[in-house]
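Q: Could we go through this model together, beginning with the sheet?

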Amino acid sequence: MKYMIHTYPKRMWYVINYIVPDLIKQGVRKDDIQIISDSEGLGNLEAFIKSLDLVEEDTWHLQDDILISKHFKDKCEVLGRLGIIVTGFVHYEFNSGSLLQTGFTKPLYMFMSFPCIFIPKRYSDHFKRWIRLESTYKKYKERIDTKKNDDWLFYRFMCDIYPNDEIYNTKECLVDHVDYLIGGSSINNRINKVSAYYWNEFDRNKELEAVLKNDKNKQ
């Protein structure tokens, strides 16, 4: 199973010192982890699109402000074998308060899950082409011009192009969102305590918080 972590230079310390060691501790091979840093300052959307050129197979995509579940690797391996898009995170507000449907469902109900999402290569390859189309730009110009909204645009891509495909929304989140512990959002420059909706591993949050208080590398 392959894992791609999307980050930028100011958050690299957390990726290197926390996310990667946590993955390796659970048994993920170092060679199966790819770190993509937006060192050029392209913005979330363009950096994500560019990163897809490096995807060689079906991949779990992770963002740089997460805490993984203690059962993360095992669950990822099982869910990845489904061969369909799997969402590993959900927060109520990210989905505009819509009904949260878990299990097998259609793209219309897909969670805004870019902190943790499994994307088969056939979809990531097509998304790269779709997002560059003039028709796509005309339809979603306002969103694209922000250089953000990568998760929302991928959601629209699935709804527009593959509305009847099956996807899977996890019943228990595979990661929690912990930007409030590591300096706040890289997008909006504010701290958002946007916790996973289905998460019960708060002991891990407390452990991370305690360790970070004494971390001299924290920025």
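Q: What is the strand order in the open sheet?
A: The order is β2-β1-β3-β7-β5-β8-β6, 7 strands with mixed pairing; two strands pair if DSSP finds at least two bridges between them. Strands (E, at least two residues) and helices (H or I, at least four) are DSSP runs, numbered from the N terminus. This is a predicted model, in which local features need pLDDT of at least 70 and side-chain atom pairs count only at pLDDT 80 or more, while totals for chains, interfaces and linings use all residues. Residues are numbered from 1 along each chain as its sequence is written, and side-chain values use heavy atoms, without hydrogens and water.

Q: Which are the edge strands?
A: β2 (33–37) and β6 (103–105), each of which pairs on one side only.

Q: And how do β5 and β7 pair?
A: β5 (residues 86–87) and β7 (residues 116–119) are antiparallel over 2 bridges. T87 stands opposite I117 in β7.

Q: Turning to helices, which residues of α3 are buried?
A: In α3 (residues 72–80), F72, K73, C76, L79 and G80 are buried, meaning under 20% relative accessible area with a 1.4 Å probe, protein chains only (exposed is over 50%, partly exposed in between).

Q: Why are they on the same side of α3?
A: Because they cover an arc of only 135° around the axis, taken from the directions from the helix axis to the C-beta atoms. D74 and V78, on the other side of α3, are exposed.
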